[in-house]
Every structure is written in structure tokens, then in C-alpha cells.
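Here's a quick briefing to read with the model open beside you. Have a look at the fold first, then work through the notes.

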Amino acid sequence: MKTILFHQHGGPEVLEYTDFPSPQPAPGEILVRLRAASLNRLDLWVRAGWPGIKLQYPHIPGADGAGEVAELGEGVNGWEIGEPVAINANLGCGECAECLRGNDNRCARWQLLGETRRGTYAEFVSVPARQLFRLPPGFDFRVAAAAGLIFLTAWHSLTRRAALSAGETVVVVGASGGVNTASIQIAKFLGARVIVIGSDEEKLSLAKSLGADELINRQQTPEWHKAVFTLTEKRGAEVIVDNVGVTYPLSLRAAAKGGRIVTVGNTGGPLVEIDNRFVFSKHLSLLGSTMGTLADYHEVMRLVTAGRLRPALDRSFPLREARAAQERLARGQQLGKITLEI
Ligand SMILES: [Zn+2]
């Protein structure tokens with residue numbers, strides 16, 4: 001099969017477009033003929049590597065993908081060859097205590113496609129059958145691939161962790177980034193009021209087009225927590241989505257009493273000083289979240305395929321130009337998800 005792979009960690013130049021043997025579906029797995037993949041920042045981190053990282057080399061990047069059922073592994077029933085499917089990249093073992101509780105994103109032997117297993121920048125990938133979501137005939141594979149990880153992550157963090165209710169106010173710190181744009185749409189879908197903090201007018205406009213009620217440009221309003229208080233009759237926001245990290249000091253201030261601050265990452269850096277007085281005196285909850293469960297994936301993909309949630313799409317590149325696609329992502333020029341056509 002044609003694939004993008006790398007033998008060693010490094011910059012975009014380590015990516016090679018080449019032939020590689022197609023995977024064989026193990027018992028319980030389905031081989032998928034991929035038609036689209038979608039890029040995540042994770043792909044750049046895995047390519048660059050980190051101390052102690054050990055992958056199976058050559059490594060094939062890519063968590064998100066969609067395509068057609070190509071072959072059924074032993075013991076797999078109920079699927080037809082050629083059926084359109086999207087892939088949930090979050091792989092639980094299905095057997096440990098957390099998986100049996102339905103918390104497969106807390107699995108003891110948790111894996112992620114494109115990180116701990118070879119991923120979706122390829123013509124074929126094999127995954128356990130339970131990872132697949134059946135797409136309606138003719139559904140755009142790029143939309144299905146682009147929705148995957150970001151909507152799964154945003155859905156789990158807002159519905160399961162933050163327990164967002166209709167009528168509450170949500171602040172999303174950061175106007176761009178896949179999870180932030182998905183969070184804006186999901187919060188609106190759930191009936192919340194959404195305030196977005198951003199620094200770039202173009203990206204704030206994208207947030208507006210996705211349903212954001214209020215925009216605050218933090219270049220013009222660096223003390224944006226005060227603007228949040230003004231917009232909420234001095235209550236603050238019930239839920240803050242902060243995937244930046246270094247913005248925590250202001251997020252703690254912008255939160256209402258009893259507020260929940262949910263985080264799935266730290267694009268601005270991992271270390272931050274917190275003034276604990278805000279945490280206890282305002283009864284705040286700090287909620288960490290990673291990916292989502294199989295059930296979350298089905299719930300959110302049903303909304304995506306029904307057209308209720310729709311990922312913003314940036315440019316699409318042919319598979320062989322994955323290097324250019326990753327360079328675009330690294331420069332932060334994209335508005336929405338960058339996809340690969342396979
Ligand atoms: Zn497990």
C-alpha cells in the first residue's frame with residue numbers, strides 16, 4: 001500500500017511517501033481502506049518525538065481516518081465489505097476494569113492510533129471492529145475524519161467531565177485549534193452561552209461563524225477576565241475550557257463561584273503557577289480530560305452525520321503531500337481541520 005512513514009524522529013523532512021505492506025486484520029479486527037485522514041497537533045509531536053518515546057518503526061502517523069470496510073478479521077460479523085466507516089482512534093483493551101466500566105479512555109493498556117500503533121496516513125489500517133462508526137452512504141469522508149478526535153475530546157470533556165447544562169455560560173480560551181472550535185459548537189448545541197477569547201481577528205470570525213455569542217480579543221483586552229464578569233452580570237462563567245495552560249491565572253478569575261475548569265491540553269506550555277485562594281474560596285473544580293469513550297464517539301458522530309455538528313475544514317492535500325500539510329499545521333495558518341485525501 002501507499003503510505004507516509006518515518007524511520008526516525010525529526011522535522012517534516014523525515015516523512016517519506018512510499019510503499020509498505022498492508023496490515024492484516026487480526027481476529028476481531030476490520031481492515032479499512034482509508035479515503036481520508038485528518039491532521040492533529042499530536043502528529044507533529046509524535047514525529048518530533050520526546051525523551052523515552054518508543055514506537056514500532058517505521059512509524060505511520062495519523063489518528064483520524066474514514067474509509068470503507070475492506071476485509072473482516074476472524075470472528076467479525078455484521079459488517080459488509082465496502083460499507084463507509086469512520087474510525088475512533090482511542091483504543092481501549094476492552095477487558096480491564098476501566099474498560100468494563102465504560103471508561104475505555106482510562107484503559108490500563110490504552111493505545112492511540114498514530115501514536116502507539118501505526119496510523120491513518122496510509123491506504124489501509126486495521127482496527128478492532130468496535131472502533132468503527134457506520135457512516136451514511138455518500139457522507140463526506142473528510143468531514144468524518146476531521147470530526148473524530150476533536151469532537152470526541154470536546155464532547156467527553158463538556159458532557160461527562162464538566163456536565164455542562166443549558167443556560168450556563170462557557171468561556172473557551174482560544175479561538176482556533178480543533179478542540180476549541182468543536183467545544184464552541186458542542187456548547188451551543190447543549191444550549192449554553194459561549195464567550196470566546198482569542199488574539200486573531202480571522203480566527204475570532206471563525207469562532208463567530210461556529211456560533212460563539214461573544215468574542216473578546218485578548219490583544220485589545222488583556223485582562224479579559226474582567227470582560228467576562230461584565231458580560232455575566234459579575235457572576236463569572238460556570239464553565240471554562242482552557243487548553244492553553246498558561247492562561248490558568250485568568251481562567252480562575254473568570255470562573256463563577258462553583259465553576260468548573262476543564263482542560264484537555266496545554267498548547268501554551270505545561271507549567272503554570274496557580275493562586276490556590278481562587279480555587280478554595282470560589283469552590284472551583286479543576287477537571288482533566290483525555291479523549292473520550294466508545295459511547296461518546298457514537299453519540300457525537302451521530303450528531304456529526306446528522307449535520308448538527310460540523311467540523312470546520314481547512315485545505316485538503318493528497319496523501320503524498322502530507323509533509324506540506326504538516327508544515328501548514330506547524331505554521332498555524334489553518335482555519336479548521338487539514339485533511340488528506342487517500
Ligand atoms: Zn482496558
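Predicted model: local features only at pLDDT ≥ 70, side-chain atom pairs only at ≥ 80, totals over all residues.

Residues are numbered from 1 along each chain as its sequence is written, and side-chain values use heavy atoms, with hydrogens and water left out. The chain splits into domain 1 (2-139 + 312-341) and domain 2 (152-288), with bounds that come from an automatic or database domain assignment. Other things to look at are a zinc ion held by four cysteines and an open sheet of 6 strands.

**Zinc site**

- The SG atoms of Cys-93, Cys-96, Cys-99 and Cys-107 coordinate the zinc ion at 2.3 to 2.4 Å. Donors here are N, O and S atoms within 2.8 Å of the metal (3.2 Å for Na, K and Ca), and water is not among the atoms, so sites may look incomplete.
- The site is tetrahedral, with angles of 102 to 118° among the 4 donor atoms; four donors get that label if all angles lie between 85 and 135 degrees. For reference, the ideal angle for four tetrahedral donors is 109.5 degrees.
- Along the sequence, the donor residues follow the spacing C-x2-C-x2-C-x7-C.
- Cys-93 and Cys-96 are both buried (buried means under 20% relative accessible area, exposed over 50%, partly exposed in between, using a 1.4 Å probe and protein chains only).

**The open sheet**

- The strand order is S12-S11-S10-S13-S14-S15, with parallel pairing. Strands (E, at least two residues) and helices (H or I, at least four) are DSSP runs numbered from the N terminus, and two strands pair if DSSP finds at least two bridges between them.
- Strand S12 (214-217) and strand S15 (285-288) are the edge strands with a single partner each, so one side of each has no neighbour in the sheet.
- On average, neighbouring strands are turned by 20° against each other, direction ignored. Axes are lines fitted to C-alpha atoms (for helices, over the stretch in contact), and angles run from 0 to 180 degrees between N-to-C directions.
- Strand S13 (residues 237-242) and strand S14 (residues 255-263) run parallel and are joined by 4 bridges; Val-239 sits opposite Arg-260 in S14.
- Helix H4 (residues 178-189) lies across strand S10 (169-173), strand S11 (193-198) and S13, at about 170° to S10.

**Between the domains**

- The C-alpha centres of domain 1 and domain 2 are 29 Å apart.
- 9 residues of domain 1 are in contact with 7 residues of domain 2, where contact means heavy atoms within 4.5 Å.

**Helix H1 and what comes after**

- H1 (residues 41-48) has Leu-42, Asp-43, Leu-44, Val-46 and Arg-47 buried. These buried residues pack against strand S3 (29-38), strand S7 (111-112), helix H3 (141-161) and helix H10 (322-331).
- Gly-49 follows H1 and has a positive phi, near 80°.
- Pro-58 lies in the loop between H1 and strand S4 (64-72), and the peptide bond from Tyr-57 to Pro-58 is cis, with omega near -5°.

**Positive phi away from glycine**

- His-283 has phi near 55° and is in the loop between helix H8 (276-281) and S15. At 59% relative accessibility, His-283 is exposed.
- Met-291 also isn't a glycine, yet its phi is positive, about 55°. Met-291 is in the loop between S15 and helix H9 (294-305) and is buried, at 12% relative accessible area.

- Trp-110 is in the loop between helix H2 (97-100) and S7 and is partly exposed at 27%. Leaving aside neighbours within four places in sequence, Trp-110 is in contact with Asn-90, Leu-91, Asp-104, Asn-105 and Met-291.
- Leu-190, in the loop between H4 and S11, touches Trp-155, Thr-159, Leu-164, Ser-165 and Ala-166, not counting residues up to four places away in sequence.
- Phe-124 belongs to strand S8 (residues 124-128) and is partly exposed at 21%. With residues up to four places away in sequence not counted, Phe-124 touches several residues, including Met-1, Pro-23, Leu-31 and Ala-70.

Notes: Tetrahedral: all angles 85-135°; square planar, octahedral: opposite > 155°, others 65-115°.
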